[in-house]
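These are my notebook entries on one structure. I set down in order what I looked up.

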Amino acid sequence: MSATGTLLDDQPDDGASSDADGLLVGLNAEQHHAVTVDALPLAIRAGAGSGKTRVLTRRIAWRSLTGRHDPRRVLALTFTRKAAGQLRSRLRLLGLRDQVAAGTFHSVAYAQLRTFWSERGQREPDLLDRKFSFVTPLLPRDRRSTDVLDVVTEIEWAKARRIPPEAYAGRAEELGRNPPMSPPTIARIYRDYEDRKAEKRMVDFDDLLDQCARALRGDRAFGDAQRWRFRHLYVDEFQDVNPLQFALLAAWLSDSDDLCVVGDPDQAIYGWNGADADHLNRFDTHFPGATLVDLRQNYRSTPQVLRTAAAALRGSTPMEANRLSGPAPTVTVHADDRAEAAAVARKVRDTRGTDGAWSRQAVLVRTNAQADVIVGALRDAGIPVRTRSGSGVLDRPDVKGALGSLSRSSRPLTDHLGDLRSDADDDLSDDETAPRDAERAAAFAQLRTLADEYLSIEPSGTASGFVGWVRGQARAAADDSADAVEVATFHAAKGLEWEAVHVAGLEQGLVPIAHAREPAALAEERRLLYVALSRAEVGLHLSWAQQRTFGERTSKRRPSFWLDDIEHAIRNLDKPFAQAEQARRASMARERVQKPAGLPDHPVVEELRTWRQDQARAADVELYDVFPNATIDSLLRVWPGTKKDLLDVHGIGPYKADRFGTDLLAILAGHDRPEMPAPPAKAPRSRAPAAVHGDLDPDLVEALRAWRLEQADGKPAFTVFANATMHELAATRPTTTDELLAVSGIGPAKAERFGAELLAFLAEQP
Ligand code: ATP
Ligand code: MG
């Protein structure tokens with residue numbers, strides 16, 4: 001039985017043994033190989049719960065105890081400081097006293113740079129800990145309060161990807177970023193940010209990585225000394241390494257091969273922040289001659305949990321389970337978020353094991369904003385809770401001061417973002433003399449992250465609403481008793497495991513998160529859900545609510561569209577996997593797509609189309625980002641009179657209702673309701689058998705070309721789909737969403753935007 005809520009469980013299975021052989025007891029053949037193989041560089045790529053972190057720890061211990069390396073020359077890099085701490089303590093249990101260095105890329109880089117600066121008698125640059133107040137004045141005046149968060153995210157993304165300001169605009173477009181302002185404007189702000197920072201002799205956290213890499217490469221004596229000190233490198237969660245970290249890793253290695261990494265491509269969840277799983281996926285290209293090891297058995301979860309988690313990654317084959325059968329996961333729906341939270345609390349109480357430990361359970365949510373109501377319900381039920389966000393924030397006098405003034409404001413939080421910094425002084429010249437206070441900076445950084453999350457759900461939330469919410473977060477975090485149920489975000493749960501996991505809020509807008517619209521972003525959200533589900537050992541309980549309140553706003557919710565796959569997997573747990581998968585495909589194939597009726601010739605339609613075009617131009621997005629014709633069709637049928645009614649329109653969720661509601665209602669109010677044709681019952685069945693490529697029906701290709709032009713509505717045609725995709729569509733004539741998704745160039749986002757229309761169009765073609 002594994003420990004709960006921990007990264008690792010690495011006590012040798014034969015009890016107190018700490019000799020080298022004892023480390024190998026209980027490992028399967030693949031794990032044994034991964035621990036003992038001498039070949040380097042080495043990458044262990046395997047699924048969640050296959051023992052990667054366990055193998056990494058044992059390998060460090062085994063190689064140390066057998067004299068293959070000196071533990072004082074080992075550097076183990078982890079994703080968080082907590083993970084580093086756990087790694088150290090596990091190594092202690094395996095017989096290595098505090099000899100092995102374990103830390104994050106940032107902490108190690110900073111330590112090495114301080115040595116570098118002091119050895120050379122150089123003054124340390126100041127660490128820029130108030131990025132937001134630093135960046136705000138660089139924004140156009142009217143955008144300062146609303147967009148600073150997103151601009152900082154873009155700058156951080158660019159730096160993580162090692163993209164200089166000059167290259168930002170091009171790369172951002174190429175990689176499908178969705179910046180709050182035009183890419184050239186962001187590039188200009190990014191340039192100014194770098195210049196100002198240099199003028200003031202300041203560095204940000206990302207500069208530390210870059211400067212450390214430069215020092216290692218540029219200064220021979222320093223580089224050699226550091227490489228001598230740490231010559232055996234290990235990295236956990238390698239799928240989430242970004243190019244900046246990778247460059248530092250390369251500088252640490254120089255021409256050495258002494259690197260061992262572990263990771264899982266299916267758990268890459270930081271791409272949006274600049275990570276690049278390619279480092280792991282193509283490890284042998286980055287390190288020619290590298291050895292790759294796979295681990296196939298899962299030690300964490302029951303077969304039921306594995307099947308359910310695999311369904312989140314549609315079509316993925318579940319791992320081989322090592323545990324015995326357990327109960328089927330459950331999915332429940334509740335009237336609102338309070339009812340959901342109360343039900344989670346009851347379930348937590350019922351699930352409490354015979355040993356009475358609370359820490360064997362966790363409640364996982366997509367965003368920090370959801371945690372409050374859950375924490376409240378657990379507390380009301382007398383259950384001890386621990387959260388990973390907001391700890392200690394409220395106790396700081398400077399934070400109290402900032403929140404105190406915010407709590408008196410009923411203006412939107414976006415007007416106050418400038419206040420979420422560590423002192424009230426706007427004068428940047430004071431930055432240099434301000435004493436550095438890492439804790440204060442961390443507290444405010446945390447507050448800004450919370451503000452960001454709050455706003456992503458509640459874009460028009462008020463300052464006072466935010467304060468109430470953040471106080472709830474901080475109160476929850478203050479209780480850090482050892483035995484408590486953990487409430488964490490999906491991201492924060494990475495690498496951890498619990499006997500029972502409750503995943504709450506499986507709703508559109510949260511899972512996937514509202515801002516994930518591009519295929520790559522949606523795929524990352526799917527993996528994130530997989531990370532959450534794969535934390536469970538035995539119990540897995542999923543839920544969602546039909547209505548949710550964030551701050552002062554209550555909205556209707558729909559279930560995550562990925563719940564279908566998950567529920568299907570749960571219903572078919574008693575069938576062999578292949579059979580269940582076949583049944584899933586068949587049921588998808590039966591789903592015929594409703595053809596949206598042609599839009600009527602009516603002035604309201606004209607006005608809606610013009611409005612849509614303006615919106616798309618203003619935001620520099622595609623028409624279907626605003627909404628597809630099917631949504632206009634539904635809008636005319638529902639004919640909403642209030643913002644609440646808008647949520648009944650197909651394709652309008654809380655996000656769009658909030659963003660476009662006022663405009664849309666005003667347009668409808670100015671017209672009479674048009675007569676709508678009856679929606680056709682079923683799209684005709686597809687006739688043509690899939691043709692082979694090269695033998696395309698030219699009429700169909702032309703028809704598709706015309707359809708594409710219409711969709712593009714003035715934009716370049718390839719923004720709808722490329723020629724290759726068009727030819728594949730003509731050749732395969734997909735009839736279901738699933739088949740459509742199998743066409744290269746059509747991902748979930750495109751399928752969602754115009755899939756229904758495209759399928760209906762194809763079905764109509766002779
Ligand atoms: P993740 O991808 O989620 O980080 P992981 O691959 O790192 O997962 P671990 O956390 O190392 O997996 O292992 C999962 C669980 O399985 C742990 O509780 C670990 O102790 C246990 N485990 C791994 N290998 C074995 C084994 N050979 N015998 C018994 N338990 C094992
Ligand atoms: Mg792990």
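**Entry 1. Terms and model.** For these notes I take helices as DSSP runs of H or I with at least four residues and strands as runs of E with at least two, numbered from the N terminus. I record that the model is predicted.

**Entry 2. Residues with positive phi.** I looked up Arg733 and found it in the loop between helix 29 (723-732) and helix 30 (737-741). Phi of Arg733 is near 40°, a positive value in a residue other than glycine. Is Arg733 buried or exposed? With a relative accessible area of 8%, Arg733 is buried, because the limit for that term is under 20%.

I then turned to Arg201, which lies in the loop between helix 8 and strand 5 (202-203). Its phi is near 55°, again a positive value in a residue other than glycine. The relative accessible area of Arg201 is 36%, and I therefore noted it as partly exposed.

**Entry 3. Cis peptide bonds.** I checked omega next. Leu40 and Pro41 are joined by a cis peptide bond, with omega about -5°. Pro41 has its place in the loop between helix 1 (29-36) and strand 1 (42-46). A cis peptide bond also joins Val511 and Pro512, where omega is about 0°. I located Pro512 in the loop between strand 15 and helix 20 (519-533).

Entry 4. In what order do the six strands of the open sheet lie? I read the order as 11-16-15-12-14-13, with parallel pairing. Strand 11 (330-334) and strand 13 (385-387) are the edge strands, each pairing on one side only. On average, neighbouring strands of this sheet are turned by 20° against each other, direction ignored.

I followed the pairing of strand 12 (residues 361-365) with strand 15 (residues 498-503), which is parallel and runs over four bridges. Within strand 15, Ala500 stands opposite Gln361.

Two helices on the sheet were then looked up. Helix 15 (residues 337-351) packs on the sheet and touches strand 11, strand 12, strand 14 (485-489), strand 15 and strand 16 (536-545). The direction of helix 15 makes about 160° with that of strand 16. Helix 16 (residues 371-380) also packs on the sheet, touching strand 12, strand 13 and strand 14. Its direction makes about 175° with that of strand 14.

**Entry 5. Strand 14.** Strand 12 and strand 14 run parallel and are joined by four bridges, and Val365 stands opposite Thr489 in strand 14. Strand 13 is joined to strand 14 by three bridges, also in parallel; the bridge partner of Val385 in strand 14 is Val485.

How many of the five residues of strand 14 are buried? I counted five of five, and the strand is mostly covered. Val485, Val487 and Thr489 are buried on one side, and Glu486 and Ala488 on the other, which leaves both faces covered.

**Entry 6. Nonpolar cores.** The largest nonpolar core has 38 residues, and I noted Val135, Val151, Tyr168, Leu403 and Phe466 as those that touch the most other members. Elements that give two or more residues to this core include helix 5 (131-135), helix 6 (144-160), helix 7 (165-174) and helix 17 (397-407). Helix 6 gives the most, with seven residues. Why does this core lie between domain 2 (128-200) and domain 4 (390-477)? Both domains give residues to the core, so it lies between them.

I looked at one of its members in detail. Leaving aside residues up to four places away in sequence, Val151 touches Val135, Leu139, Pro180, Met181, Ile186 and Ile189. I also recorded a second, separate core of 37 residues, with Phe105, Phe246, Leu253 and Leu280 among them.

**Entry 7. A helix pair.** Finally I looked up helix 9 (residues 205-218) and helix 10 (residues 220-229). Their axes come within 5 Å and cross at roughly 105°. Helix 9 is therefore roughly perpendicular to helix 10, since that term covers angles of 65 to 115 degrees. On helix 9 the contact is made by Ala215, Leu216 and Gly218, and on helix 10 by Arg220, Phe222, Gly223, Gln226 and Arg227.

Technical notes. Residues are numbered from 1 along each chain as its sequence is written. Chains are lettered from A and ligands numbered from 1 in the order in which they are written. This is a predicted model: local features need pLDDT of at least 70, side-chain atom pairs count only at pLDDT 80 or more; totals for chains, interfaces and linings use all residues. Side-chain values use heavy atoms; hydrogens and water are left out. A nonpolar core is a set of buried Ala, Val, Leu, Ile, Met, Phe, Trp, Tyr and Cys residues joined through side-chain atoms within 4.5 Å. Buried means under 20% relative accessible area, exposed over 50%, partly exposed in between (1.4 Å probe, protein chains only). Domain bounds come from an automatic or database domain assignment. Contact means heavy atoms within 4.5 Å. Two strands pair if DSSP finds at least two bridges between them. Axes are lines fitted to C-alpha atoms, for helices over the stretch in contact, and angles run from 0 to 180 degrees between N-to-C directions. Angles under 35 degrees count as roughly parallel, over 145 as roughly antiparallel, 65 to 115 as roughly perpendicular and the rest as oblique.
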